[in-house]
Amino acid sequence: MTDGTDHGVRPLDRTGMAARVARDIPEGWYVNLGIGIPTLAADHIPPEREVVVHSENGILGMGPAPPAHAQNPWLVNASTQRVSLRPGGAFVDHADSFAMVRGGHLDLCVLGGFQVAENGDLANWAHSPTETGRQIGGAMDLAVGAKRVWVVMEHTTKDGKPRLLRRCTYPLTAARCVGRVYTNLAVLAVTPKGFVVTDMVPGLDFATLQARTEAELHRG
Amino acid sequence: MIDKFVRSLAEAMDGIRDGSTILMPGFGEVGAPNALLEGLIEQGATNLTLVINSAGRLRVPGRPPNAVARLIEAGRVRKVITSFVRADSVAGDWVRDGTLEAEVIPQGTLAERLRAAGAGIPAFFTPTGAGTLVAEGKEVREYNGRPCVLEEALPGDVALIEAWMADRWGNLTYRESGRNFNPIMAMAGRLTIVQAHHVCDLGQLPANHVHTPGIFVDRVLHLPVGDPVLPR
């Protein structure tokens, strides 16, 4: 199946990846969901499960996109999309918002990624040290400050190059910070011995997953 | 009688010098004092350092560049200190050409450098950015077993602030996620200038609900500009 003819194997799409990570977020956690697929995960946390979502622009207790008649242009998330506030939510300024992040108060942040290394290094803000576009945002604060860091990303790049590496080749966001990686093919824990596969999409076998991964994989 | 109200944009912008560091809050267009920035374009100060969370908004066909982009396009900004520069933006073009210097730093470090400036703390150590390009050229020390980077306070010569309501002492409230960088930039500015959607008599703002007390504010201009205009 390494030739790309994956009969029977259906990689998760963006929604599927968001739903998969949402499944693992328990009630009571304070979480930050980064831009991209992580933001979509909020839609897959059932409303009866009380998870308090933080947005770095100063919202704690963020709710889903409101219906058209209830939209408020003063209430946006970190992607400047209109959102709502759950009952019990609060607004804070940027210093307090990042005190929540940097002071170790968030149980979890879920970030997008370009590359993750087997030692937990994360690269997600630039493709080279000299690139004009530099999009750090809150990622470095979240990667260092949250109690747990999970990364959601495609298992390989668009042209099939691995993203799960022995060492990151792009500029780092933070060193040794990632605890778990959710890809379109698998869920992997970052452990002292490297990546441990804890879940795979149905029909996928270990050897095929290893063939798409530069770092050595271990069976869970 | 203390009266911080000014009556015109020209009066609000009076005395801003070439070479100033300007603190510009806002997250997207929410909480961004764009009318004051228009006043700064008109006022003429140049060779500015602009401190702003996102320096480059993505180009949207058919949508005119915002005030930040026009200030940069007018050649008035020497340097941006920011957490976010998009390649496909006015700021991105000027950075690529080498005509605009960009210091790109973590958003939480940006917020804390501003807070430190307002609170009289000249510098602090943080683990954010350790082991990354952000730490290059900075002192690193280990605390609690983690490498930490020395970051310096970031005061502004001028802070431009967008408030929801203000009184003549300069007490301010903000709306929802429009608060963002406004309170800490108000603290970090040597000259803090506010545009307020609403104004009220002294004593009308409930004291328990004041977000920024007037000690951090110098000038207030009543500008009922309406809701932020969001893309999409």
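In what order do the 10 strands of the open sheet in chain A run? In this predicted model, the order is S4-S3-S2-S1-S5-S9-S11-S12-S13-S14, and the pairing is mixed. The edges are formed by strand S4 (84-91) and strand S14 (217-219) of chain A; each has a single partner strand, so one side of each is left without a neighbour in the sheet. From one strand to the next, the twist averages 30 degrees.

Strands of a sheet pair through backbone hydrogen bonds, in either a parallel or an antiparallel sense. The antiparallel sense applies to strand S12 (residues 186-191) and strand S13 (residues 194-200) of chain A, which are joined over 6 bridges. Within this pair, A:Leu188 has A:Val197 in S13(A) as its bridge partner.

Strand S1 (residues 30-33) of chain A contains A:Asn32. The relative accessible area of A:Asn32 is 0%, and the residue is therefore classed as buried. Residues up to four places away in sequence left aside, A:Asn32 touches A:His54, A:Ser55, A:Glu56, A:Leu106, A:Leu108, A:Cys109, A:Val110 and A:Leu142.

In chain B, helix H2 (residues 34-43) has the buried residues B:Ala35, B:Leu36, B:Leu37, B:Gly39 and B:Leu40. The buried residues of H2(B) pack against both helices and strands of chain B: helix H1 (9-12) and helix H3 (67-73), together with strand S2 (21-24), strand S3 (48-52), strand S10 (156-166) and strand S12 (189-199). Just after H2(B), a positive phi of about 105 degrees is found at B:Gly44.

Technical notes:
Residues numbered from 1 in each chain as written. Chains lettered and ligands numbered in written order. Predicted model: local features only at pLDDT ≥ 70, side-chain atom pairs only at ≥ 80, totals over all residues. Heavy atoms only, no water. Helix = DSSP H or I, 4+ residues; strand = E, 2+ residues; numbered from the N terminus. Buried < 20%, exposed > 50% of the residue type's maximum accessible area, 1.4 Å probe, protein only. Contact = heavy atoms within 4.5 Å. Pairing = 2+ DSSP bridges. Axes fitted to C-alpha atoms, helices over the stretch in contact; angles between N-to-C directions.
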